[in-house]
Amino acid sequence: MPRPLAAANDEHEPLDGPRTAREAERREAFMRVAARVFRQHGLAGATMEQVAAAAGVTKVVLYRRFPSKDALIQAIFAETLRRLKAEDIKAWRGYGNGMRKSLSAARSFEDGFILLVRHGDQDPAYQAAHAALRKRTGQRLRALLWYPDRPPPSGQRPALLELSLEPMISFCNDALAYWVEKGDPARDEHFVRWCGQMMRAWRHNAAELLNLDSPEQEWPFDTEGLLP
C-alpha cells in the first residue's frame, strides 16, 4: 500500500484538511488510485467500494475526504486541469514547446489526464471539466495564430476562427492522450517534434484561411530537448 494511504487508513484520525501538506499528499494518492480504477471500470461502472479496495482503505476513510463518487471524479479532473494550467504560464519557446509542457503535466497525472480526454464528455456532470480542457487548448492555439501579438477582441476576430480551431483542439488533446497511454517515454522528443511540425503547418494554413497579415512568418522549433 502506498505510504500516504497507509497513513490515512484510520477511521478515527482527525482530518487535518487539504490545506496541509500531509493531507494534500493523501488526497492525491487517493485520486491516483481512483483514476486508475475509473479508467478500468468506466466512470459509470466503477464504485467507491472498488476505489477503497484498490487503495487498501475502508469506505469511511475515502468518504471522509470525498463525500461522493462525483466529488472524487470532479477532484481528479480539477487536479488534471491545475497541472496543465501550471505549465501554461511558462514562456513559449517555439513549435513543440507547448506540447512538451502539456506532456510533462499529463505524464505527472496520467490516468487523470486520459480519463478527462476520453471520458469527460460522456456525462453531463463532468462536461464542464471537459469543456474547460478544450477551452484551455483553444486559448493556446488562438494565441499562437497572433503571436507575438495578443489576439484581437472577440468581436474583431475572423468569422471562420472557430472552424480553424475546433479540429486542432481535438487533435492536440487526443494525440497527447494517445501518446501518454501508448507512447515510449524514451521517444517523447520525437513525438514533440512531430507535433511541432503539425502545429507549424496548421498555423500556416489557418492564417491563410483567416486572411491574417503574416501567414508565412516562421517561428523556430523549440530545441530545449535533445533528440535521442
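Phe191 and Trp194 sit three residues apart in helix 10, so about one helical turn separates them. Their ring centres are 6.2 Å apart and their planes lie at 40 degrees, so this pair counts as tilted. The model you are looking at is predicted, and its protein has ten helices and zero strands. Here is a friendly tour, starting with the aromatic rings and moving on to the helices around them.

**Aromatic rings**

- An α-helix has 3.6 residues a turn, so residues three or four places apart point the same way.
- Phe191 has a relative accessibility of 5%, which is under the 20% limit, so this residue counts as buried.
- Trp194, with a relative accessible area of 39%, is partly exposed.
- The whole structure holds six aromatic pairs.
- One of them joins Trp179 and Phe191, whose ring centres are 4.9 Å apart with planes at 5 degrees, so these two rings are stacked.
- Trp179 belongs to helix 9 (residues 161–182) and Phe191 to helix 10 (residues 188–209), so their pairing ties together parts that are twelve residues apart in sequence.
- Trp179 and Phe191 are both buried.
- Phe171, Trp179, Phe191 and Trp194 together make up one aromatic cluster.

**Helix 8 with helix 9**

- Helix 9 also meets helix 8 (residues 127–146): their axes come within 9 Å and cross at roughly 120 degrees.
- That angle makes helix 8 oblique to helix 9.
- The crossing of helix 8 past helix 9 is right-handed.
- On the helix 8 side, the contact residues include Leu133, Arg134, Thr137, Gly138, Leu141 and Trp146.
- On the helix 9 side, they include Leu161, Glu162, Leu165, Met168, Ile169 and Cys172.
- Sorted by class, the contact of helix 8 with helix 9 has nine nonpolar, four polar and four charged residues.

**Helix 2 with helix 7**

- Helix 2 (residues 21–41) packs on helix 7 (residues 110–119) at an angle of about 45 degrees, and their axes are 8 Å apart.
- These two helices are therefore oblique to each other.
- Where helix 2 passes helix 7, the crossing is left-handed.
- Helix 2 brings Arg32, Ala35, Arg36, Phe38 and Arg39 to the contact, while helix 7 brings Asp111, Gly112, Ile114 and Leu115.
- The residues in the contact of helix 2 with helix 7 are four nonpolar, one polar and four charged.

- Helix 6 (residues 97–107) has nine of its eleven residues buried, so it is largely enclosed by the rest of the structure.
- Those buried residues are Asn97, Gly98, Met99, Arg100, Lys101, Ser102, Leu103, Ala105 and Ala106.
- The partners they pack against are helix 5 (69–88), helix 7, helix 8, helix 9 and helix 10.

**The protein as a whole**

- Followed along the sequence, the pattern reads α-α-α-α-α-α-α-α-α-α.
- The protein has 228 residues, and 44% of them count as buried.
- Among the contacts with a separation of 6 or more, 71% are between residues 24 or more positions apart.

Technical notes: Residues are numbered from 1 along each chain as its sequence is written. This is a predicted model: local features need pLDDT of at least 70, side-chain atom pairs count only at pLDDT 80 or more; totals for chains, interfaces and linings use all residues. Side-chain values use heavy atoms; hydrogens and water are left out. Rings of Phe, Tyr and Trp (its six-membered ring) pair if their centres lie within 6.5 Å; planes under 30 degrees apart count as stacked, over 60 as edge-to-face and the rest as tilted. Helices (H or I, at least four residues) and strands (E, at least two) are DSSP runs, numbered from the N terminus. Buried means under 20% relative accessible area, exposed over 50%, partly exposed in between (1.4 Å probe, protein chains only). Axes are lines fitted to C-alpha atoms, for helices over the stretch in contact, and angles run from 0 to 180 degrees between N-to-C directions. Angles under 35 degrees count as roughly parallel, over 145 as roughly antiparallel, 65 to 115 as roughly perpendicular and the rest as oblique. A crossing is left-handed if the near helix is turned anticlockwise from the far one by less than a right angle, and right-handed if clockwise. Contact means heavy atoms within 4.5 Å. Ala, Val, Leu, Ile, Met, Phe, Trp, Tyr, Cys and Pro count as nonpolar, Asp, Glu, Lys and Arg as charged, and the others, Gly among them, as polar.
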